[in-house]
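Work through these exercises with the model in view. Try each task before reading its solution.

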Amino acid sequence: MSFLPFTTSLIPSILDGSKTSTYRRGLKYDHLQIGERIDIVDSDTQEVVGQANVTSKAQVLFQDIPLISSDHQSFSSREEMREYFSDLYSYIGRAVEDSDIFLVIGWEMIS
């Protein structure tokens, strides 16, 4: 089964339904398909904490990611968002750029 990993700090908001989408830099998770059942994994413990159905998937440029979102963390400015994602993706060795491709993946938890 396919999976999406999340840091421990995000697991409560995923399980309570307030976080139902993720932005992932690059195309690593492009193999996920709408309608597919996936495991939600705590990346710090490697524990499967739930299952979800993928409900949406789209490719967007960083510059087109909305600052305000009802199903994802919101930001007050593009630079705040850039700093947040640049910290997450520090292993690329540079700041996130407007032209970087992100996957937006939405899901619905399975009871």
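This is a predicted model: local features need pLDDT of at least 70, side-chain atom pairs count only at pLDDT 80 or more; totals for chains, interfaces and linings use all residues.

Residues are numbered from 1 along each chain as its sequence is written, and side-chain values use heavy atoms, with hydrogens and water left out.

**Exercise 1. Classify Ser-56, Ser-86 and Gln-46 by accessibility.**

Step 1. Start with Ser-56, in strand β4. Strands (E, at least two residues) and helices (H or I, at least four) are DSSP runs, numbered from the N terminus. Ser-56 has 33% relative accessibility, so it counts as partly exposed.

Step 2. Go to Ser-86, in helix α2. Its relative accessible area is 14%, so Ser-86 is buried.

Step 3. Finish with Gln-46, in the loop between β3 and β4. Its value is 58%, so Gln-46 counts as exposed.

**Exercise 2. Give the strand order of the open sheet and name its edge strands.**

Step 1. Recall the rule. Strands of a sheet pair through backbone hydrogen bonds, either parallel or antiparallel. Here two strands pair if DSSP finds at least two bridges between them.

Step 2. Read the order. The five strands run β1-β3-β4-β5-β2, with mixed pairing.

Step 3. Find the edges. β1 and β2 each pair on one side only. From one strand to the next, the twist averages 40° (axes are lines fitted to C-alpha atoms, and angles run from 0 to 180 degrees between N-to-C directions).

**Exercise 3. Trace the antiparallel pairs β3 with β4, β4 with β5, and β2 with β5.**

Step 1. Take β3 (residues 37-42) and β4 (residues 47-61). Six bridges join them. Ile-38 stands opposite Ala-52, and Val-41 has Val-48 as its bridge partner.

Step 2. Move to β4 and β5, which pair over nine bridges. Lys-57 is partnered by Ile-105, and Leu-61 by Ile-101. Ser-56 and Ile-105 are 49 residues apart along the chain, yet their C-alpha atoms are separated by 5.6 Å.

Step 3. End with β2 and β5 (residues 101-109). Five bridges join this pair. In β5, Gly-106 is the bridge partner of Ser-21.

**Exercise 4. Which backbone nitrogen lies 2.8 Å from a polar atom of the Ser-86 side chain?**

Step 1. Apply the cut-off. A polar contact is a pair of N or O atoms within 3.5 Å; within protein, one must be able to donate a hydrogen and the other to accept it, and residues adjacent in sequence count only if both atoms are side-chain atoms.

Step 2. Name the partner. The nitrogen belongs to Val-96.

**Exercise 5. Which strand gives the most to the lining of the largest pocket?**

Step 1. List the contributors. β1 (2-6), β2 (21-25) and α2 (78-88) each supply at least two lining residues.

Step 2. β2 gives the most, with four residues.

Note on methods:
Buried means under 20% relative accessible area, exposed over 50%, partly exposed in between (1.4 Å probe, protein chains only).
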